[in-house]
Amino acid sequence: QGDNPLDFAFPLLIVQTTLILVLSRFLAFLLKPLRQPKVIAEIVGGILLGPSAFGRNKDYLHRIFPSWSMPILETVASIGLLFFLFLVGLELDLSSIRRTGKRAFGIALSGISLPFICGIGVAFVIRKTVEGADKVGFGQFLVFMGVALSITAFPVLARILAELKLLTTQLGEIAMAAAAFNDVAAWILLALAVALAGDGPGEQKSPLISVWVLLSGVAFVVFMMVVIRPAMKWVARRCSPERDVVDEAYICLTLAGVMVSGFMTDLIGIHSIFGAFIFGLTIPKEGEFAERLIERIEDFVSGLLLPLYFASSGLKTDVAKISGGRAWGLLMLVISTACAGKIIGTFAVALMFRMAVRESLALGVLMNTKGLVELIVLNIGKEKQVLNDEVFAILVLMALVTTFITTPTVMAIYKPARGSSALTHRKLRDLTNTDESKHELRILACLHGLGNVPSIITLIESTRSTKKSQLKLFIMHLVELTERSSSIILVHRARRNGLPFINRLRRGVWHDRVTGAFQAYSQLGRVSVRPTTAISALSTIHEDICHVAETKRVTMIVLPFHKQQWRGEGDEQTVENVGHGWRLVNQRVLKNAPCSVAVLVDRGFGNGALTPGPTATPTAQSVCILFFGGADDREALELGGRMAEHPAVKVTIVRFVENEGSERNGVLLRPSASKSNEKNYSFCTAKLNPEKEKASPFNYFY
């Protein structure tokens, strides 16, 4: 029709959103080997799209990001920001502050006060050297600079700790509690800064107005905690796991509550994100309701809307404004002051609380994480015209640098001990050769999901000896750690119990079903079951498996094959492939495990009728062991020896030989079973014919 779609608001918003998402995801992919949080990629992506890089081409800037389109982009991004701060409030568990007590409080207090004082000092320098900085009111500029240097980004810190496997350590617990306190204090200071700033520098207001704004803010927080919090607890009980269907009205009511809370704080004179954050704190962290809320909104908010906010921040950031030696010297001053104030303040108080030097230093570096929350503070400062373009650009780069150096610096300073490097390799044969009354068989069985449960129970029941020592079973649910808030909440819950992630407090549906299935099974015989959860990135989850196997003195690890639940329906077969990443996990466990490892391939024969029990008939289960020779096969024979003692299991051993001569001269070691169970064995010898290999029609081990 002759019109250009980019001249209209909605098509242009679609193009802008797509461009921002593609660039931020591409940068996140590039920065992944450096173990950087996703927020770094989103901030850098925004800066690249803005006047600092691509925006130097004026045709591109006027066509893709014209000035008339920016209010629309910022409005959509602000909705994402509102719900993101609600998610931050959901993640923040205030009870963690109470659990760690005075130590976290003291560390957080020093981690705020010293950088805040340093920020005030830097503010004096900036007002003298940066043109136009002295036009802003003295008090509001000092408060904004103090908040900018003293803040700790709680959401980014949680992901860095989880990525480094520090979240379940004492260091991680103190860091999270101190960051939680720091977060709350930062929002209070930000509310103070916004109240002081008013609508801009040109406005002269009575100081009483700022006092009224703060008092109204305090009244709002009290109202939310006294009235709304009990109401949300009632809503959470209505959405408990016992009720199969969650009324959508409660979800919609909560989402509307986020908007209303934001409007109320905006009406008071504090930024709307403050209301959303406080409303997130009122949601009870126990139970399913918080998780279901996160499942509804986190991908849409964190994946789509939040990158728009960082892009709009980047479009306001012009690195070219930092020109000349004076400006770059100011940037170095701001970065060094921010790092020194935070690290020295935290380090000194941590030493006073008798923490180790390395732990104290690592804690200081961790508390120096900026990122998300810092950007929000800076944007509000620019919106209120407290920060000009040059100061804004300097502080954005400071936030980027301090967050970027956190992960590599902590990795260099501190790595918690994961047991001795000289691991003792435990075998099933070791149990046979020792006093059976003193040693129980300990098995660590790993699961991807509920589909693995029947075959694991079938295998463990077959292994349960009626005469030998008790069997102790550790069930480990393997959960991939992602950028999603829900995976961080899983880690928070596991953190209460330390390593391994013993999930007694978790009441999730998955956990209830698995725990119920295995607890019911444990009543069948001498089997003790303990469910655990490992939450980690796929590249390092094998460390958790091996660590638990070592600390719990496990004799055998059972891993699910990466292609699971091969079910045949007539002539059709369905293969559920959980991904190549899990195959690499299995390979790393096989390489590093301190005990024997079995990979269980589930052909779908463990579902239902084939599970043997105490009253099962002797022909209920037939097990075939293929013996080629070597240490692995002898370990399989030991497992077969335990199986043969079960009254419902018949074991057949097939020995493969290369030629007739080796068949006569070779010796086949029989499993150490009692003579009473010799009837459960049958032996045969087969010639090896690799040309006629065929997939076996039963569950089997590698």
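This is a predicted model: local features need pLDDT of at least 70, side-chain atom pairs count only at pLDDT 80 or more; totals for chains, interfaces and linings use all residues.

User: What does Leu6 touch, leaving aside residues up to four places away in sequence?
Analyst: Leu6 lies in the segment before helix 1, and at 18% relative accessibility it counts as buried. The C-alpha atoms of Leu6 and Phe65 are separated by 9.8 Å, although these residues are 59 apart along the chain. The residues that Leu6 touches are Leu12, Val15, Arg63, Ile64 and Trp68.

User: Now the helix pairs, please. How do the axes of helix 6 and helix 7 cross, and at roughly what angle?
Analyst: Two packed helices are described by the angle between their axes and the distance between the axes. Helix 6 (residues 102-129) and helix 7 (residues 138-150) have axes that come within 7 Å. The pair is therefore oblique and its crossing is right-handed. The angle is roughly 130°.

User: Which residues of helix 7 meet helix 6, and how many residues of that contact are nonpolar?
Analyst: From helix 6 the contact takes in Gly111, Ile112, Pro115, Phe116, Cys118, Gly119, Ile120, Val122, Ala123, Phe124, Ile126 and Arg127. Their partners in helix 7 are Phe138, Phe141, Leu142, Val143, Met145, Gly146, Val147, Leu149 and Ser150. By class, four residues of this contact are polar and one is charged, and the nonpolar number is 16.

User: Helix 6 also meets helix 9. What is the angle there, and how many nonpolar residues does that contact have?
Analyst: The axes of helix 6 and helix 9 (170-197) come within 8 Å and cross at roughly 50°, so the two helices are oblique to each other. This crossing is right-handed. Arg103, Ala104, Phe105, Ile107, Ala108, Leu109, Gly111, Ile112 and Phe116 in helix 6 meet Gln170, Ile174, Ala177, Ala178, Phe181, Asn182, Ala185 and Leu189 in helix 9. With three polar residues and one charged residue in this contact, the nonpolar count is 13.

User: Which helices pack against the buried residues of helix 15?
Analyst: Eight of the eleven residues of helix 15 (residues 357-367) are buried, so this helix is largely enclosed by the rest of the structure. The buried set is Glu359, Ser360, Ala362, Leu363, Gly364, Val365, Leu366 and Met367. Their packing partners are helix 6, helix 8 (154-163), helix 9, helix 14 (324-352) and helix 18 (406-413).

User: On to strands. Which residue in strand 3 stands opposite Leu473?
Analyst: Strand 2 (residues 471-480) pairs with strand 3 in the parallel sense over ten bridges. Eight of the ten residues of strand 3 (residues 527-536) are buried, so it is largely enclosed by the rest of the structure. The residue opposite Leu473 is Val529.

User: Which residues form the uncovered face of strand 8?
Analyst: Strand 8 (residues 621-627) runs parallel to strand 9 (residues 649-657), joined by seven bridges, with Gln621 opposite Val649. The covered face holds Gln621, Val623, Ile625 and Phe627. The uncovered face is Ser622, Cys624 and Leu626.

User: And the whole chain: what percentage of its 702 residues is buried?
Analyst: The chain comes to 26 helices and eleven strands. Of the contacts with a separation of 6 or more, 81% join residues 24 or more positions apart. The buried share of the 702 residues is 54%.

Key. Residues are numbered from 1 along each chain as its sequence is written. Side-chain values use heavy atoms; hydrogens and water are left out. Axes are lines fitted to C-alpha atoms, for helices over the stretch in contact, and angles run from 0 to 180 degrees between N-to-C directions. Helices (H or I, at least four residues) and strands (E, at least two) are DSSP runs, numbered from the N terminus. Angles under 35 degrees count as roughly parallel, over 145 as roughly antiparallel, 65 to 115 as roughly perpendicular and the rest as oblique. A crossing is left-handed if the near helix is turned anticlockwise from the far one by less than a right angle, and right-handed if clockwise. Contact means heavy atoms within 4.5 Å. Ala, Val, Leu, Ile, Met, Phe, Trp, Tyr, Cys and Pro count as nonpolar, Asp, Glu, Lys and Arg as charged, and the others, Gly among them, as polar. Buried means under 20% relative accessible area, exposed over 50%, partly exposed in between (1.4 Å probe, protein chains only). Two strands pair if DSSP finds at least two bridges between them.
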